[in-house]
Amino acid sequence: MRIAVFGLGYVGTVTAAGLASRGHDVCGVDVDEIKVGLIRQGRSPVVEPGLDDLVATGVAAGRLNATTRPAEALAGADVSLLCVGTPSTQQGSTDLGYLRRALEDIRAALDVALPPDSGFHAVVVRSTVPPGTGDGIVAPTFADLPPDGRWAVGTAMCPEFLREGSGVADFFAPPFVVAGADDDCVHDVLTRLFAFLGRKPHRVDVRSAEALKYACNAFHATKVTFANEMGRVFRAYGVDAREVMQIFCEDRILNISSAYLQPGFAFGGSCLPKDLRALLHMARVNDLDVPLLAGTLRSNELVVRDVLDRIVASPARTVAMLGLSFKSDTDDLRESPNVELAERLLGKGFEVRIYDPIVNPNRLLGANLRYVEARLPHLGRLLASTAQEALRGCDTAIVATSDAAVLDALRASPPARIVDLSGRLGAEIERISGYEGLGWTA
Ligand SMILES: NC(=O)c1ccc[n+]([C@@H]2O[C@H](COP(=O)([O-])OP(=O)(O)OC[C@H]3O[C@@H](n4cnc5c(N)ncnc54)[C@H](O)[C@@H]3O)[C@@H](O)[C@H]2O)c1
């Protein structure tokens with residue numbers, strides 16, 4: 001394929017040289033004449049292990065070139081890859097000025113450059129951009145192209161996951177290939193472009209592809225901060241946090257795994273809130289500030305409040321709470337966010353009926369009993385003996401269990417609104433999760 005790469009920094013140079021090494025004809029474009037000059041001489045404008053060789057080989061083979069003139073790179077090109085910078089503004093928003101300028105350059109070049117034989121050109125963003133950029137800025141740039149003109153353009157988002165310092169190695173072994181493309185033609189181009197990786201791209205919508213890169217970087221930053229906060233607290237207790245974290249990482253079931261990484265409802269139960277509070281206390285008595293750990297409790301509270309606010313703002317008045325314990329298959333009610341939600345709904349005057357397939361008030365004992373008596377003193381009166389009974393006459397169901405019988409009861413007689421805190425109802429009810437919004441059935 002013939003490829004134009006806009007922006008010859010870390011991402012652009014690795015991408016251009018990497019694709020050239022896999023047999024594509026690549027022309028890089030940059031506004032910086034020095035960077036363009038270096039590439040033309042077969043030298044990399046950025047320092048990355050292995051990149052000098054890759055650039056030199058590509059240029060010597062005639063597969064890699066560079067220019068400051070977009071129309072020269074666009075001539076006969078099947079794809080434009082946008083790898084320009086998207087730095088922070090002073091307010092922290094993303095400065096899309098370089099991206100806008102590069103898009104305008106591409107659009108102008110289409111009026112003068114010869115199209116490829118197919119007549120189709122894919123404009124693909126690899127820079128990190130906020131969700132909505134593709135729909136709001138990238139696609140509209142080409143909306144004025146006549147449908148029967150020389151060039152047909154499709155746009156897409158294909159985030160880059162390389163890390164500086166191992167950019168070349170990462171380029172050839174990415175964690176995944178993600179094609180955010182609403183258009184089949186662009187998706188086909190991306191599949192062919194990255195075929196050398198031997199990986200089928202994940203096809204998602206443009207916004208999800210844009211969002212994914214932020215989720216990855218935020219998670220990486222959070223991991224570093226988490227490990228450092230652990231290190232600072234444990235040092236005060238003479239603990240070797242490196243040893244602790246080394247063993248911590250051996251747990252591939254809960255720690256280094258997909259566990260707990262689905263957006264949903266708040267955490268709770270008899271351990272997580274208690275032990276977090278204990279860690280925060282250990283930090284406090286040692287004059288240590290641990291804002292990430294402290295923020296988790298606050299953020300957890302906001303999740304409960306968010307769901308409550310949405311229910312209060314809706315026409316809901318009679319609510320069936322299906323599932324009360326902090327997770328399915330336990331009757332432990334201690335610090336269950338569902339108990340918290342039920343308590344607040346009652347306090348706001350909602351009629352609340354509760355069904356939990358496991359919780360039986362006659363069998364609750366000890367701390368569990370004391371906790372629920374303090375929060376929901378009339379639990380016995382609120383409890384229904386079946387999900388059907390709880391749902392009868394209710395306008396809203398809050399689903400906090402994955403019990404199959406409860407889900408069947410909901411399917412058989414769905415109330416006007418369903419709030420799925422279990423995350424188990426999936427596509428059956430559009431967009432239903434504590435974070436994403438209330439899922440309303442018709
Ligand atoms: N650096 C990384 O490790 C990394 C990894 C993944 C994603 N990203 C993202 O990729 C993007 C590029 O990052 P980078 O580190 O390569 O940036 P960079 O600053 O190293 O390079 C950007 C290049 O774009 C050029 N440029 C600006 N306007 C242009 C235009 N109109 N036409 C052509 N070239 C133009 C600049 O001169 C510069 O050479 C950013 O959005 C970044 O967030 C970076």
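A polar side-chain atom of Glu 164 sits 2.7 Å from a nitrogen atom of the ligand, which makes a polar contact (a pair of N or O atoms within 3.5 Å). The structure here is a predicted model, where local features need pLDDT of at least 70, side-chain atom pairs count only at pLDDT 80 or more, and totals for chains, interfaces and linings use all residues. Numbering starts from 1 along each chain as its sequence is written, and side-chain values use heavy atoms, with hydrogens and water left out.

Back at the ligand, Thr 86 has an N or O atom in its side chain 2.5 Å from a ligand oxygen atom. In total, 23 residues surround the ligand, and the closest are Val 11, Asp 30, Lys 35, Thr 86 and Glu 164. A residue gets onto that list if one of its heavy atoms lies within 4 Å of the molecule.

Next come the empty spaces. Rolling a probe the size of a water molecule over the atoms shows where such space is left. The search runs on a 1 Å grid over the protein atoms alone: a cavity is a set of points where a 1.4 Å probe fits but cannot get out, a pocket is an open set with protein on both sides within 12 Å along at least five of seven lines, and lining residues have an atom within 4 Å of a point. Grid points are joined across faces, edges and corners, and a volume is the space filled by probe spheres set on the points.

Two cavities of 30 Å³ or more turn up. The largest cavity holds about 90 Å³ of space. Its lining has 13 residues, and those closest to its centre are Arg 126, Glu 160, Pro 174, Phe 194 and Leu 197. Sorted by class, that lining has 10 nonpolar, no polar and three charged residues. Here Ala, Val, Leu, Ile, Met, Phe, Trp, Tyr, Cys and Pro count as nonpolar, Asp, Glu, Lys and Arg as charged, and the others, Gly among them, as polar. The second largest cavity comes to about 30 Å³. Residues including Gly 323, Lys 327, Asp 356 and Thr 401 line this second cavity, and its lining splits into four nonpolar, five polar and three charged residues.

The helices α11 (272–285), α12 (291–313), α13 (337–347) and α14 (366–375) each supply at least two lining residues, with α12 giving the most, four residues. Helices are DSSP runs (H or I, at least four residues), numbered from the N terminus. This pocket's lining has seven nonpolar, three polar and six charged residues.

Asp 170, in helix α7 (residues 167–172), counts as buried because its relative accessibility is 11%; buried means under 20% relative accessible area, exposed over 50%, partly exposed in between (1.4 Å probe, protein chains only). Leaving aside residues up to four places away in sequence, Asp 170 touches Leu 162 and Arg 163, a contact being heavy atoms within 4.5 Å. Tyr 260 is not a glycine, yet its phi is positive, near 65 degrees. Tyr 260 belongs to the loop between α10 (241–248) and α11, and is exposed at 67% relative accessible area. Asp 287 also has a positive phi, about 55 degrees, and is found in the loop between α11 and α12. With 73% relative accessibility, Asp 287 is exposed.

Notes:
Polar contact = N/O pair within 3.5 Å; in protein donor to acceptor, adjacent residues only side chain to side chain.
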